[in-house]
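Q: I'd like to learn how to read salt bridges in a model. Can you walk me through some?

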Amino acid sequence: MSVCVVTYNQEKYIGACLQSIIGQATDFDFEVIVGDDCSTDMTRKIISEFAEKYPGKIRPLFHTSNLGPALNYKATHQHACGRLVAHVDGDDLMLPGKLAAQHAALMQNPDCVMVTHDVQVIDEDGNLISTSFKRHKSGVNKLSDLYQTLPFFAHSSKMVRGDIDRVSLEWVNPKTIDIELHVFMAHKGNIFHIDAPLGAYRISTGMTAAAHGAVNTALVDATQRIFATALSESNDEREFISKCQAKAFLNYAYQAAVLGNKKQVKAFSKISLNSSKTNLIQMIFNLAPTNLIIYICKFRKFLKSNPGESLQKSAP
């Protein structure tokens with residue numbers, strides 16, 4: 001098995017990430033490939049120290065120039081030799097039993113190409129924010145389930161069959177983000193999900209941190225690409241896919257309202273309605289005054305949230 005870790009300027013987190021991987025108890029061997037995207041802080045030094053302490057276990061991959069997140073992911077995964085490949089972002093953590101549980105799930109479900117799990121949500125200092133990223137039933141999920149809830153798992157929870165992982169890398173480009181990889185892989189087979197927290201996702205250090213008062217446009221653009229492709233390839237399921245697209249953009253409209261971004265609330269509400277007319281909430285988002293929508297969404301968020309919970313994790 002291969003575990004791929006991607007990192008950039010994460011000196012505060014990479015040590016804990018690697019230790020959580022090394023500490024996994026398994027009855028199989030695994031390698032850890034760490035792709036550092038030309039960090040300018042102490043990240044490389046920490047990785048080197050782990051490689052010296054665990055020779056043959058941790059394989060550093062030090063780039064000589066900054067590739068960007070997508071190409072660092074691609075370069076790191078290209079070095080994976082395992083029949084199974086797990087992915088972890090350098091600021092996230094594995095919890096005990098993760099690798100063993102995922103390995104068992106893939107062995108027991110030959111129709112599945114990927115196994116995922118729920119994660120805890122932690123802050124920059126490792127404090128627990130939420131015991132769950134997103135609740136989703138355990139068991140086998142099809143591509144249609146992923147379209148309906150895009151995504152229902154964190155990127156660092158993913159373990160994939162090696163042949164599928166390697167094929168997916170062929171079309172990765174600088175704009176590719178994780179949800180597009182998830183959809184590509186789900187075209188190749190089912191996803192087995194474990195509704196238990198087997199990892200920890202660190203909030204406010206990745207894509208959500210870069211948004212600054214707005215839903216991250218990289219996520220929105222990727223979602224548009226995913227559904228545009230799905231609609232172009234489908235004849236029998238166009239209505240279903242359109243409804244999924246409408247739901248996804250209504251979710252973005254809600255997130256934008258919680259963030260107080262009027263422009264995005266209007267834009268995403270319109271895309272949702274134009275995709276498919278699905279429910280009354282969708283009509284309210286399009287017809288009610290934007291300030292009222294923002295007030296209601298913020299109040300709902302206040303009632304539902306734990307202190308410090310990410311605005312990007314909510315859904316209408």
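A: Buried means under 20% relative accessible area, exposed over 50%, and partly exposed in between (1.4 Å probe, protein chains only). Bear in mind that this is a predicted model, where local features need pLDDT of at least 70, side-chain atom pairs count only at pLDDT 80 or more, and totals for chains, interfaces and linings use all residues. Residues are numbered from 1 along each chain as its sequence is written, and side-chain values use heavy atoms, leaving out hydrogens and water.

Q: Which residue forms a salt bridge with Glu180?

A: Side chains of opposite charge can pair when their charged atoms come close. A salt bridge is a side-chain nitrogen of Lys or Arg within 4 Å of a carboxyl oxygen of Asp or Glu. Here Glu180 pairs with Arg225, with the closest N and O atoms 2.8 Å apart. Arg225 is partly exposed, at 30%.

Q: How many salt bridges are there in the whole structure?

A: A search finds 6. One of them joins Arg59 and Glu31 at 2.6 Å, N to O. That pair links distant parts of the chain, 28 residues apart: Arg59 sits in strand 3 (residues 58–62) and Glu31 in strand 2 (residues 31–36). Strands (E, at least two residues) and helices (H or I, at least four) are DSSP runs, numbered from the N terminus. Glu31 is buried at 14%, while Arg59 is partly exposed at 28%.

Q: What separates Lys243 and Glu239 in helix 9?

A: About one helical turn, because they are 4 residues apart in that helix (residues 238–259). Glu239 is exposed at 57%, and Lys243 is partly exposed at 40%.
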